[in-house]
Amino acid sequence: MDNKSLFIRGINGPVVTVSGDYSLSMLNMVYVGDERLFGEVVGVKSDHAIVQVYEDTSGLKPGEPVYDTGAPMSVKLGPGLMSNIYDGIARPLSAIEKQSGVFIARGLNISSLDPDRVFNVEIKVKNGDRLNGGDIYAETMESELILHKVLLSPQLSGTVQNVKPSGSYKVDDTIAELVSDTGTMTPLTLCQLWPIRMPRPYKTRLPMIRPLITGQRIIDTLFPVAKGGCAAVPGPFGAGKTITQHQLAKWSDADIIIYIGCGERGNEMTEVLEEFSKLLDPKSNKPMLDRTILIANTSNMPVAAREASIYTGITMAEYYRDMGYHVAILADSTSRWAEALREISGRLEEMPAEEGYPAYLPSRLAEFYERAGYMQGLNDTEGSVTIIGAISPQGGDFSEPVTQNTKRFIRTFWALDRSLAYARHFPAINWITSYTEYFSMLDSWYENSFGPDFSIYRSKIASLLQEESKLLEIVKLIGSDVLPDDQKLIVESARVIRLGFLQQNAYNDTDTYVPIEKQLKMMMVMIHLYEKSKEVIAKNIPVSRIKDTGLFDELIRIKYDIPNDNLSLLDDMKKKINEKLDELIKNNS
């Protein structure tokens, strides 16, 4: 095909109509105009094609040439992805700054990997070895925390020849050659290209039987998400979506974090980038960026690139999953991504559905969330991709299309509450409207790790919170004084759970991360106080007398007062409860 025969016929924002003597294919990547802007074919007609451009189209004119690459939009995968900050189409911001300065110039064709960076590579194959797609043929330390396993592209197989010795190589250096069964020779480098919209293949999808441990009590105990699962964090402006995701990024037991700032405000994204660059990984005390990839696509960047950023991030996640790593993707926020779909759909003059979103919004959300999972890779390693997507419904209305359609594809729903956030209760996850559907899968893990106690006490905690919610409706109408003592005890015990267990302080060294063993013991102590207090009330002693002992307030403070490495103090707390309440009964008699 002669690329000179392709030219711009019309321009409508990021949507460009292309005409000429051509045979463009759907989802092919093209270069648009004299500046060779990145674009992707999203519609093909008999006499023209429609291209969405991932860069600002200001100054483009009809008649300028369009160049077809003959391949879908792909990302270059290999060592060097880690610790980088990318734009929505996988161009490193540091390389962009070197070429264009403070502002992002147009038409910059920059590889996602630094071609000049040298890696110390250990070759894992020898001449004559048979390789199939997904097999590991080299390894290198990508950062101090991540061993990068160089994988054969899933689309290749064959016999290795001309293997070079272990040593120092750049990502594009040939370290061996692969001869296929048909005799085709392919040079093996440290990198590979993969289309961002095509899920990477795997051998088997495994059951999700392990939770993603986050150190956040309300998540780990009441609303856990499985490794390989999907969770949504919806909430209005100011409810703490970004704070919650930061805590998950820092403390979750995922090996690798991929943070996608999708359509967020520029100042917020700047804070994220500055904060991540200063964070230390709590497990290794190394820089957090050593196991983090950041994708920054702010709301003032081209809207089409915002739509692509989600796929860029999930493709990188699947690549590391195939090495046997557990990856967590934090997408902030999928609402801005859906708004990009809506804008492009409008410019394409497609029939709008609810609230102007395209009719294919549910299927696009499904494509994204269904790429999560706990997998056995082609090389028999086990890895997972866990997706946690923030949602920004206007006015906090959870009935809007993005939230409702997302609920069809996720199984954990952390509903953020503005009133909790304004009351300085973080994480501001509403324990009444949130839910998880992973309990049936994860109960065996909790039982094997902690016996039956965890499930029992979690159920008791949830039950008390539910009962308190019902009683507070009565209190709003007629006041708390009319409640009998057993119901006053429920309200008081639930207050201890809310303030002492569900509320967590990210700025307190003891409380910012709580091991799950301490979470269980805290639940046991709080339920013990409730059940022991019931015995006291049965002796006709009012709740006010129990409150006078100071035990309720003392239990609220244990999250600060008892260090995470001295859990025996929680057992001592149970003894103290018994002594004080037994003395109360004795004095009353």
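In strand β4, L37 is the bridge partner of V32. This pairing belongs to a predicted model, in which local features need pLDDT of at least 70, side-chain atom pairs count only at pLDDT 80 or more, and totals for chains, interfaces and linings use all residues. Residues are numbered from 1 along each chain as its sequence is written, and side-chain values use heavy atoms, with hydrogens and water left out.

Strand β3 (residues 28-32) runs antiparallel to strand β4 (residues 37-44), and four bridges join them. Strands are DSSP runs of E with at least two residues, helices are runs of H or I with at least four, and both are numbered from the N terminus; two strands pair if DSSP finds at least two bridges between them.

The aromatic side chains come next. Across the whole structure, a search finds twelve aromatic pairs. Rings of Phe, Tyr and Trp (its six-membered ring) pair if their centres lie within 6.5 Å, and planes under 30 degrees apart count as stacked, over 60 as edge-to-face and the rest as tilted. W251 and Y513 are stacked, because their ring centres are 5.1 Å apart and their planes are at 25°. This pair links distant parts of the chain, 262 residues apart: W251 lies in helix α3 (residues 241-251), and Y513 lies in the loop between α12 (485-502) and α13 (516-538). W251 is buried at 14% relative accessibility, whereas Y513 is partly exposed at 25%; buried means under 20% relative accessible area, exposed over 50%, and partly exposed in between (1.4 Å probe, protein chains only).

Y319 and Y320 form an edge-to-face pair, with 5.6 Å from centre to centre and 70° between the planes. Y319 is buried with a relative accessible area of 1%, and Y320 is buried with 0%. One aromatic cluster is formed by Y311, W337, F368 and Y369.

Charged side chains form salt bridges, defined by a side-chain nitrogen of Lys or Arg within 4 Å of a carboxyl oxygen of Asp or Glu. By this rule, the count is 35 salt bridges. One of them joins R91 to D87, with the closest N and O atoms 2.9 Å apart. R91 is buried at 4% relative accessibility, and D87 is buried at 5%. E339 and R336 meet in another salt bridge (3.6 Å, N to O). These residues are three apart in helix α6 (residues 334-347), so about one helical turn separates them.

A further salt bridge brings together D582 and K532 (2.9 Å, N to O). Its partners come from distant parts of the chain, 50 residues apart, with D582 in helix α16 (residues 568-588) and K532 in helix α13. D582 is partly exposed at 38% relative accessibility, while K532 is buried at 13%. Finally, salt bridges that share partners join E40, R197, E307 and R364 into one network.
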